[in-house]
Every structure is written in structure tokens, then in C-alpha cells.
Amino acid sequence: MKALPVVHKVADESWPTREEAERAMLFSEVELGPRVARRRTWVPAMVPWRATEEGMVTEQVIEWYARFARAKPGVIVIEATGVRDVASGPLLRIGHDRFVDGLSRLVDAVREASEGETLLFVQLIDFLSIRRRPEREKFFARFLEVTRAHRERLAERDGDPAWIDRDERDVRAALSAMNDDSLRKTLTERELEALEYGHRERVTDTHLPHVRALPEVLPSLFASAAARAERAGFDGVELHYAHAYTMASFLSARNTRDDGYGTTFEGRVRLPLEVLAAVRAGLSSRAVLGLRMLGDEAIDGGTRIRDASRFAVEFAKHGAHFISVSKGGKFEDAKQPKVGHAAYPYTGPSGHECMPTVRSDERGPFGRNLELSRSIRAALRGQGLSVPVVGAGGINGFRLAERALAEGDCDVVASARQSLADPDWFAKVLRGEGATVRRCKFTNYCEALDQHHKEVTCQLWDKIREGDPELPPHRISADGRRRLIAP
Ligand SMILES: Cc1cc2nc3c(=O)[nH]c(=O)nc-3n(C[C@H](O)[C@H](O)[C@H](O)COP(=O)(O)O)c2cc1C
Ligand code: SF4
């Protein structure tokens, strides 16, 4: 990625008095379908990598969310939680009944810490498989499927038709010995990607039976997961239709599936609507059902705000109780990972749009994506739909949040990294103590930890210093160097 030219400053804020804060829209109620959030403050999904390798809730997961809950935001959305019962590292899972007990303890802890004032949703995710970038030798020896096209290319190169029938090991060795230029002419785009980035499945890989079957299996997987969430005591669920994952890929303008679940606007939105309907049918009328989607994929050939607004209208007409808007965060423009690592969707330009930093263009990171939530909200209101819209992206202070609400950019303000930097920030502002807020630097130290699947912490509070009171072992990161919970 080209170096971005402008380094922005986190501007000083003129914080409100307690009286002003108490009158503010930010701290007013908002209806979310059948429930009312007491405030328009929202902690969006953030994966902290604290679950067990089996996807179970740990004490660290519980403490992490209880810490946010102490400030009593209107809503906390629990991190992306897998709807399938498959190994996915220390990411929470909800694909089987055995996950319900742990999640239920998590719900109880948040209720207690927020004194019942925070609504708690869980973000439900499905994702396709992605492999680590392989060592070159291994790729040619084992992973690459040798095809006739490879043999023909070698035959053409050497003017030797014998390559068509040569032993496969010879073909592999010859390919492995090629320089990059020749490889570019020999391998397909996908094969090259598998070599240089690691193999990544797409929703358009309909030659793979499990990918072709996604429209058959996903509605019931999401519906069962949502029903478990309700059983665990969550107030609702947020379907993850954003970023680099399966449902966003169905919505993508790059979805060329030809089985009625791609290509056209109606085709792309079909499975997301079927999932929404299945989830709705499995939840009680008290449960909130919302979703997170992209206002812009921010990649070449991706969905732009025009289609995104139409999608949002469809979701609202089909009963979504809120629409949370994000941007980018795609694999298509991710940086090349090191050998042995997997590509990560927040490393390229679309990743920057998702989690903008102070190293940015003229517009900078603050409230950067509000124009998207604003357009989506306007499209909904234009159709007479009052579904609340959640805005996010660099929202780091009271004035920006309040202006976004007052000017119709969004109905609810989500702030991820500012809440990580200071989980008490909403409460401090409401008490008229804004001057004591620890302000996020927007340099993405936390995101780098996330990228390496290390426990996420914030540079502003995670140093263990000499003279600190001793921390219990479960509050120290696996590398032994960082405290896991904000002081
Ligand atoms: C460490 C980390 C993990 C995240 N995990 C998720 C996630 O699980 N699901 C999701 O929709 N967004 C995720 N996000 C994106 C945030 O929810 C949010 O949209 C983004 O950080 C921009 O908001 P902000 O500027 O307030 O941080 C994550 C962000 C961070 C920093
Ligand atoms: S690590 Fe940096 S970007 Fe992340 S929350 Fe803390 S200050 Fe903000």
C-alpha cells in the first residue's frame, strides 16, 4: 500500500457538563425492535482472543465484557462467534448446545456489572476456510494439484511433448524450479494466490460441494445459533453480514454464483434474507434481531453505497430491528502474509477504511464512515422505515457523537477502539468528567495484536509496571508482558 500522507491529531475536546450530558441525545433511549436501549452508546463486536481453543467462554472472556459493562453502555455486542461446531482457534463458538452454559455465565456477568442497564447481543458469524501461506517447497510438493495445463506449459516451454505423461514428481520439481516470471505464466490466478497468500475459499467456488450447499445449510445453522443465544439469556443477536466473511461475500458485487444466489441484486441478497427469516422464526418476539453490513466494500468491483442502501431497505422490510454499518475489511486487498501466517482482512486499503488510523488521507479517521450510515439511514427513512442505524468508525468524543446523532448520520453511536482505550468513557462523559477520558491514539496497536491472534489489549493501559499491585495470573497475557484488563 502507498504511504498515506497525512498524520492527524486527536483533537482536544470541549467535554460537556453533567447537566449538558444528561440532556444529550447520546444518553437518550432508542427502540431496537421489541426492546429499548437506555442510551445510544454501543460497544461493537471486537474479538479479544480470549476463548479456549475449543471456542469456550473463559474467565478472561467474562472479565473482558464485564469491564465494558461497568460503564453501562446502551448495548454491548459480543465478538464474532462461530455458528458452526468446527475448530476455529480461540474464537467463541455457539454451534452446539455445550456452548450455552459458558455463554450464559457471560450474560449473567454483564447483567450484574451493568446492573441490568446494558442490552447484550452476540454477533453470529460464518466464515470459509483460509490456509496459511505455505512454504514454497511444500506448496509444490504437496498442495498444488498438478493439471494438464501445467504439463502443457512445460511441454511448450521445452518443445518436449513428453511432459504430458511424465511422472507427477518431475512436473512438481520443474514447477518448483521456475522463476517468478515463468510461474506467473504457468499457474492460474488462484494457484498463484494459494502460493503467495495461502489458499482461500470463496462463495463462488461452487465446484466444491460444501460451498455449493451453503444456501441449504446456513439458514438453519444461523437459526440454531440464534436460538441458543436466546437460551443463554442474550437480549438479541447481530448477524455478521460485514467484512470478509461468508454472508458479506454473498452480498458482494463480486459474487458471480450462477445458482440463483449471486450475480444479480436479487441473487446476492437472497441468502442473507433467507438467513434473516430462519433466524426470526427461531427467536421469540422479545429477542432483538439486527445485522451488521458494509456500506461500501472499498475494493475494486465491490458493492458501493447504492446497492448497500437497497440491501438495508430489504433487510428492514424483512424485519431487521437495527442495521449497523461498517466499511471494507476485505481479503481481496489484504497484504501478503509472511510464510506460515494467514492473510488478514484488515491489512490493506479496505482494512484501513474499516479501522481507520491517524495516518490517513485528508479526511482522517474521525467519523470517517458516517456518510455511509447517513445514506443508508436516508434510504430507510425515504421508504418510511424507522429502523435504527448504528454508525461506527473513528468516533472518539462527545461532540462528534452528538453531532452525528443530531444531524441524522446515525441513530446510535458505536465506538470500538475508544471503548477499548477507556471502557469507562461513556460513563465519565455522563458524569461530566470527560476531561479524565483516556483517549484512543488510533494507531492500531490493538489491531496488530488481533492480527496475530494474540490477546487484544490497549497500549494506553497494558504495561505491567514495577510497583503495580500484583495481578492474578489470569489477568496477564500469555506472553507474560501485558495486563489483560483495563485498570
Ligand atoms: C481488535 C478488534 C477486533 C474487532 N473484531 C470485530 C468483530 O469481531 N466483528 C466486527 O464486526 N467488527 C470487529 N471489529 C471492528 C470494530 O467493531 C469497528 O467497526 C472498527 O474498529 C471501527 O470502529 P472504531 O473506530 O470505533 O474502532 C474489530 C475491531 C478491533 C479493533
Ligand atoms: S491500542 Fe491504540 S488504537 Fe487500540 S484502543 Fe489503544 S490507543 Fe486506540
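1. Strand β5 (residues 75–82) and β6 run parallel and are joined by seven bridges. The model under review is a predicted one. Within this pairing, Ala80 stands opposite Gln123 of β6, and β5 and β6, together with helix α3 (residues 100–113), form a β-α-β unit that is right-handed.

2. Strand β7 (residues 236–241) also pairs with β6, again in the parallel sense, and here four bridges are found.

3. How many of the residues of β6 (residues 119–125) are buried? Seven of its seven residues are, and the strand is accordingly described as mostly covered. In a regular strand, side chains alternate between the two faces of the sheet. For β6 both faces are covered, with Leu119, Phe121, Gln123 and Ile125 buried on one side, and Leu120, Val122 and Leu124 buried on the other.

4. A separate point concerns ligand 2, which is surrounded by 13 residues, the closest being Arg417, Cys440, Tyr445, Cys446 and Cys458. By class, this shell consists of eight nonpolar, three polar and two charged residues.

5. Which helices each supply at least two residues of the shell around ligand 2? They are α17 (417–421) and α19 (445–451), and the largest share, three residues, comes from α17.

Note on methods. Residues are numbered from 1 along each chain as its sequence is written. Chains are lettered from A and ligands numbered from 1 in the order in which they are written. This is a predicted model: local features need pLDDT of at least 70, side-chain atom pairs count only at pLDDT 80 or more; totals for chains, interfaces and linings use all residues. A residue is near a molecule or strand if its C-beta atom, placed from the backbone, lies within 6 Å of it. Ala, Val, Leu, Ile, Met, Phe, Trp, Tyr, Cys and Pro count as nonpolar, Asp, Glu, Lys and Arg as charged, and the others, Gly among them, as polar. A residue is buried if 20 or more other C-beta atoms lie within 10 Å of its own, exposed if 12 or fewer, and partly exposed in between; C-beta atoms are placed from the backbone. Two strands pair if DSSP finds at least two bridges between them. A crossover is right-handed if, with the strands pointing away from the viewer, the path from the first strand over the helix to the second runs clockwise.
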